[in-house]
Amino acid sequence: LFEKKEVEILNCSELPNLTFEQIYEDKLANETTAREMYLNNSYNFNGTIDSINYNEYTKQSYMTIKNVYVSATVYFNENQESVIKTYKKGDTISFCGTINDISPLIGAMDINNSIIIN
């Protein structure tokens, strides 16, 4: 059996702002440095919702969110499920989250444990 580990609730007001483009540009300049700088760190983001999806396996909703030209897959803290239901594709959203992965592909970035900022 899998044990569910307790996930820290982020305090968005204490986090710096960052764009997906900044991460992408830094990754292009030097991926090793960008990974060291951003992975497992938390930031405030905003963007436009490209899609809202549901993972049957994890029983959690997630979104594809786009800034200007870079997208990220954003997984939300489980306490955000009811808030996610109030959004739709095309809506602008502000949130904070922890960068979990930066892939070599444009826009292939995962952000976990996200909290929506109202």
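Which residue does the disulfide join to C12? Please look closely at that link and at the strands around it.

Author: A disulfide joins C12 to C96, with an S to S distance of 2.0 Å. The term stands for a pair of cysteine sulfur atoms within 2.5 Å. A search of the whole structure finds 1 disulfide.

First, some ground rules. This is a predicted model, where local features need pLDDT of at least 70, side-chain atom pairs count only at pLDDT 80 or more, and totals for chains, interfaces and linings use all residues. Residues are numbered from 1 along each chain as its sequence is written, and side-chain values use heavy atoms, with hydrogens and water left out.

Back to the link. The torsion about the S-S bond of C12 and C96 is about -55°, so this disulfide is left-handed. C12 lies in the segment before helix 1 (20–29), while C96 sits in strand 4, so the pair ties together parts that are 84 residues apart in sequence. Helices (H or I, at least four residues) and strands (E, at least two) are DSSP runs, numbered from the N terminus.

Now the surroundings. C12 is buried, at 13% relative accessible area. C96 is buried too, with a relative accessibility of 0%. Buried means under 20% relative accessible area, exposed means over 50%, and partly exposed is in between (1.4 Å probe, protein chains only).

Strand 4 covers residues 92–102 and pairs with strand 1, residues 42–55. Two strands pair if DSSP finds at least two bridges between them. Here there are 7 bridges, in the antiparallel sense.

I49 has I65 of strand 2 as its bridge partner. Strands 1 and 2 form a hairpin, with 4 residues between them. In the turn, K59 has a positive phi of about 60°.

Go on to strand 3, residues 71–76. Strands 2 and 3 run antiparallel and are joined by 5 bridges. K66 has S71 of strand 3 as its bridge partner. Strands 2 and 3 form a hairpin as well, with 4 residues between them.

One pairing remains to trace here. Strand 3 and strand 5 (residues 109–116) run parallel, joined by 3 bridges. Look for V74, which stands opposite I111 in strand 5.
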